[in-house]
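Please read these notes with the structure open beside you. They are numbered so that each point can be checked in turn.

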Amino acid sequence: MAPAASRLRAECELPSLPRRALAQYLLLLKLYPVFTKAVSRFFVTGPLSHYFYLFMEYWIPPGVPLATVKRLLLDRLLFAPTFLLLFFLIMNLLEGKDVSAFASKMRSGFWPALQMNWRMWTPLQFININYVPLQYSTPTNEGHLRLPPGDYRQVAPQSTFPALWSGMRRRNFHQPEAGAYGSVSLASGRGAARFEAWLSGRRFSWRPAVGKPRGGGDADTRATERSTWTGISRPGPSVWDSNWDRREPLSLINLKKRNVESGEEELASRLDHYKAKATRHIFLIRHSQYHVDGSLEKDRTLTPLGREQAELTGLRLASLGLKFNKIVHSSMTRAVETTDIISKHLPGVCRVSTDLLREGAPIEPDPPVSHWKPEAVQYYEDGARIEAAFRNYIHRADAKQEEDSYEIFICHANVIRYIVCRALQFPPEGWLRLSLNNGSITYLVIRPNGRVALRTLGDTGFMPPDKITRS
C-alpha cells in the first residue's frame, strides 16, 4: 500500500527540471534506499546512518518516557563522534596519508570539529527526530515489514533536505507521504533476524498524536500512539485504536490529580462521568444525479432523474420510522437541492449547512487512476478540510447524550468514501476502490465504546434499476 501525501503550493511552482529531479530522487530512494543513500552520500556514511536510525527504534522505542531527549542524546553523544571519526579516517585514506598523519589530524582537528558538529546539527537533529518520516532513513523494498504512513522518526543529517521537504508538505494534516508503506529488509545474520522479527511485531503510529492524555504517564498512552491499521500481512493481534476519536474516558482524566485515599472508587466515578451512554446512527447520503456540464458550481443543478432519485431516497428514509435528529448537508448546489427534496419527507427535522462536506480530493488514491488526476495542491487544500469534517462529525456520542441519535449527512461520493475508510480504520488511500450510486444510503453505527460498524454501503436497492446512476 502506498499512501499518498499532499503537497505545498510552493512545490507545485517549482521549475519543471528541479521538480522532475526531486521526484526521481525520491523514487530511487524508495526503490533502492541503501544504494541511493550510499551513492549520494559516499559508500559508507549513507548505509551507516541508515541502519543506526533503524536500531535506534529498537534501543529507544517511541513510547518510552523522554524518548525524544534520549534519542537526541544517543545521536549526539554516540553517533556524531563515531561518524566524525569515520569521516577523518576515510579522508585520510583518500589523501593517501599514513597512520601518523591520521593521528596528528585527530589530535588537532577532531575535538573542534565535533564541537562544531554539535552546535550546527543538534537543532536539525531535533527536527529530524520529531518531524521526518522513517522511510527516508530505512529501506522500503517489498519484503518483511510494511511501515504505516506518516511514521515520524529519525533520519540522518545528510537526508535533511529531501526528507524535511517531504515532512513539511504533509505536517498540516494526517495524510502521509507516498512510499511510506514499505518494508524493512535488514542485513542477513542472526542478530538482524531477531531485530527484524521484533520490528514485525510492533505497532506503528500512522499519524502524529493529536494530544497527550490528560492522565500523563499514568494513563494508557498507547491509545494516542498505536496504529489504526497494520501493514503486517499475516494474521496477528487486534490493532483497533479504541481512542481513535480522542474520547476514550481514560484519556480524558488527569490521573495526577487523583485522590490517593479514595483510590479506585473515585477513578471509577470519574470514568463513568466521561463515558458515552448512547449510540450514534449516521446516514451518509450521496446527492442525486446533476448536470455535470455546468460551467459554474451554481449551474450544476439536479437533473429530472436526479430529482426522482432524491424523492425515492426521502421516501426510503421516512419508511424507516426513525426519529431523525438533524440533517447536515454540503453547501454545494447539488447537495442543497437533494436536501430540499428529502426534507419534504422528514418534516420537523432541522437542517444545517456546512462547507466542510463540500466535494474534493481527500487523499491521493492507491492504486492511482489515469482518468482523474487533480493537482497536488488540491489534495493539500481539500484533504485537510475533509479530514476536519471527519473529526468534527464522526465520533462517539457525547457523555451528556442520554438517548440514541439518528443523523443524516447529505454530501458527496469522495467525502463519504473517505469517511467510511477512516471510520473503519482502513487505509484511507483505498477510498477510490469504493463506488457509490447517486442518492445511495451508507449507514454507520458508532457504539458508546467507540466501536464502529458499517450496516450498509451505497444502498440503492429501494430504487428501480432504471433510476440508478453513478454520475
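1. Arg385 is buried, with a relative accessible area of 18%; buried means under 20% relative accessible area, exposed over 50%, and partly exposed in between, using a 1.4 Å probe and protein chains only. Its salt-bridge partner is Asp382, with the closest N and O atoms 3.6 Å apart. A salt bridge here is a side-chain nitrogen of Lys or Arg within 4 Å of a carboxyl oxygen of Asp or Glu. Asp382 is buried as well, at 13%. Both residues lie in helix H13 (residues 376-393), 3 residues apart, about one turn of the helix. Salt bridges that share partners also join Asp245, Glu248 and Arg396 into one network.

2. A word on the model and its numbering. This is a predicted model, in which local features need pLDDT of at least 70 and side-chain atom pairs count only at pLDDT 80 or more, while totals for chains, interfaces and linings use all residues. Residues are numbered from 1 along each chain as its sequence is written, and side-chain values use heavy atoms, with hydrogens and water left out.

3. The whole structure has 11 salt bridges. One of them joins Asp75 and Arg76, at 2.8 Å from N to O. Asp75 is buried at 0% relative accessibility, and Arg76 is buried at 6%. Another joins Arg351 and Asp340, whose closest N and O atoms are 2.7 Å apart. Arg351 lies in strand E3 (residues 350-354) and Asp340 in helix H12 (residues 333-344), so this pair ties together parts that are 11 residues apart in sequence. Helices (H or I, at least four residues) and strands (E, at least two) are DSSP runs, numbered from the N terminus. Arg351 is partly exposed at 37%, and Asp340 is partly exposed at 33%.

4. Two strands pair if DSSP finds at least two bridges between them. Strand E2 (residues 326-330) runs parallel to E3 over 5 bridges, and Lys326 has Cys350 as its bridge partner in E3.

5. Strand E5 (residues 441-446) deserves a separate look. Strand E1 (residues 280-286) pairs with E5 in the antiparallel sense over 6 bridges, and strand E6 (residues 452-459) is joined to E5, also antiparallel, by 5 bridges. Tyr443 of E5 is the bridge partner of Phe283, and the partner of Tyr443 in E6 is Thr456. E5 and E6 form a hairpin with 5 residues between them, and Gly450 in the turn has a positive phi of about 95 degrees.

6. Which residues of E5 are covered on each face? In a regular strand the side chains alternate between the two faces of the sheet. Ile441, Tyr443 and Val445 are on one side of E5, with Thr442, Leu444 and Ile446 on the other, and all are buried.

7. How many disulfides does the structure hold? It holds 0, a disulfide being a pair of cysteine sulfur atoms within 2.5 Å. Cys350 is partly exposed, with a relative accessible area of 42%, whereas Cys421 is buried at 5%.
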